[in-house]
Amino acid sequence: MSPYELTRTLPEDATGAALRADVLHGLTQSPKSLPPKWFYDARGSELFEEITALDEYYPTRAEREILLARAPEIAAATGARTLVELGSGSSEKTRHLLDALPLLHSYVPVDVSGSALTGAADTLLAERPDLHVHALIADFTKELTLPDTPGPRLVAFLGGTIGNLLPDERAEFLASVRAMLVPGDALLLGTDLVKDESVLVRAYDDASGVTAAFNKNVLAVVDRELGADFDPADFDHVALWDSGQRWIEMRLRARRDLTVKIPELDLVVTFEAGEEMRTEVSAKFTQTTVRSELAGAGMELAHWWTDGAGRFALSLATAV
């Protein structure tokens with residue numbers, strides 16, 4: 001088994017500092033908000049895995065269908081020797097691409113979680129001992145310096161995660177990706193597509209309540225890490241479709257008037273009964289909007305693939 005490299009580009013306390021900054025900012029604004037990245041502690045990751053298996057939650061299955069069907073076309077179109085995956089997590093989705101890229105030399109997973117990266121690298125190298133893995137502990141929304149690996153490079157951003165970014169954040173992110181690309185490189189982007197409101201809402205408000213537990217888990221993270229006294233039972237899970245913004249919003253709605261203390265921030269936060277705090281947006285796209293946002297960042301849509309039901313898309317873009 002070949003060894004893997006692990007490079008940390010974030011300070012040791014970067015995660016804690018970011019959580020403190022996000023909570024302080026989000027809970028002192030009106031309306032209140034918390035970023036969705038704080039769902040994903042160990043328990044949150046377990047809950048999300050449960051969500052991906054729910055009948056109501058189609059994106060993971062739809063994207064997997066495309067990858068299984070189109071990975072050879074993606075390989076032929078890119079000739080990639082390096083695969084860079086942003087927000088790689090367990091690297092589970094990428095296995096279909098790894099298997100389909102005959103010229104692949106290096107895999108560069110990028111994630112804020114060092115434990116997720118080492119776990120994924122160990123698993124991948126047990127299966128593919130000739131693969132060179134250079135993992136980056138980094139925030140993919142910030143400017144990245146990629147390791148020196150052979151090109152062409154394929155940068156993958158899967159799972160529809162781009163939909164969790166607000167429009168200005170998406171523009172900034174796509175511009176940062178464009179800055180990574182040299183001639184011959186490409187971006188493989190996963191986007192959930194606009195569809196019937198009832199289908200979308202069910203995907204984020206399942207009958208068994210797994211998504212509700214996932215949403216409320218952000219409160220448990222703030223309690224544990226910052227000494228807060230949120231009680232998840234004081235909040236209801238809310239998912240709604242904003243047709244103007246073309247996104248699903250997940251919110252937590254206070255069931256009563258309440259006060260929350262966050263000692264690590266020396267902060268006291270009050271909620272009125274019925275007040276809602278936004279915890280996630282999940283934007284949905286059309287081929288036209290994806291093409292436009294890529295063009296705005298200096299990239300051209302070269303290929304567009306959807307699942308059989310037209311629910312989800314993978315697009316391949318190159319630098320203009």
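Start with helix α2 (residues 42–52) and helix α8 (residues 210–226) in this predicted model. Their axes come within 9 Å and cross at roughly 155°. Because angles over 145 degrees count as roughly antiparallel, α2 is roughly antiparallel to α8. The crossing of the two helices is left-handed.

Next, show the side chains at this contact. From α2, select R43, G44, L47, F48, E50 and I51; they meet V210, T211, A213, F214 and N217 of α8. By class, the contact has six nonpolar, three polar and two charged residues.

Now move to the open sheet. Eight strands lie in the order β1-β4-β3-β2-β5-β6-β13-β12, and the pairing is mixed. The edges are β1 (5–8) and β12; each has a single partner strand, so one side of each is left without a neighbour in the sheet. From one strand to the next, the twist averages 20°.

Within the sheet, select β2 (residues 82–86) and β3 (residues 106–111), which run parallel and are joined by five bridges. T82 stands opposite S106 in β3.

Helix α6 (residues 167–180) touches β2, β5 (153–157), β6 (186–192), β12 and β13, and its direction makes about 165° with that of β5. Helix α9 (residues 287–296) touches β6, β12 and β13, with its direction at about 155° to that of β12.

Finish at β12 (residues 299–306) and β13 (residues 312–319), an antiparallel pair with seven bridges. E300 stands opposite T318 in β13. Five residues lie between the strands of this hairpin, and G310 takes a positive phi near 70°.

Technical notes: Residues numbered from 1 in each chain as written. Predicted model: local features only at pLDDT ≥ 70, side-chain atom pairs only at ≥ 80, totals over all residues. Heavy atoms only, no water. Axes fitted to C-alpha atoms, helices over the stretch in contact; angles between N-to-C directions. Helix = DSSP H or I, 4+ residues; strand = E, 2+ residues; numbered from the N terminus. Parallel < 35°, antiparallel > 145°, perpendicular 65-115°, else oblique. Left-handed = near helix turned anticlockwise from the far one by under 90°. Contact = heavy atoms within 4.5 Å. Nonpolar A, V, L, I, M, F, W, Y, C, P; charged D, E, K, R; others polar. Pairing = 2+ DSSP bridges.
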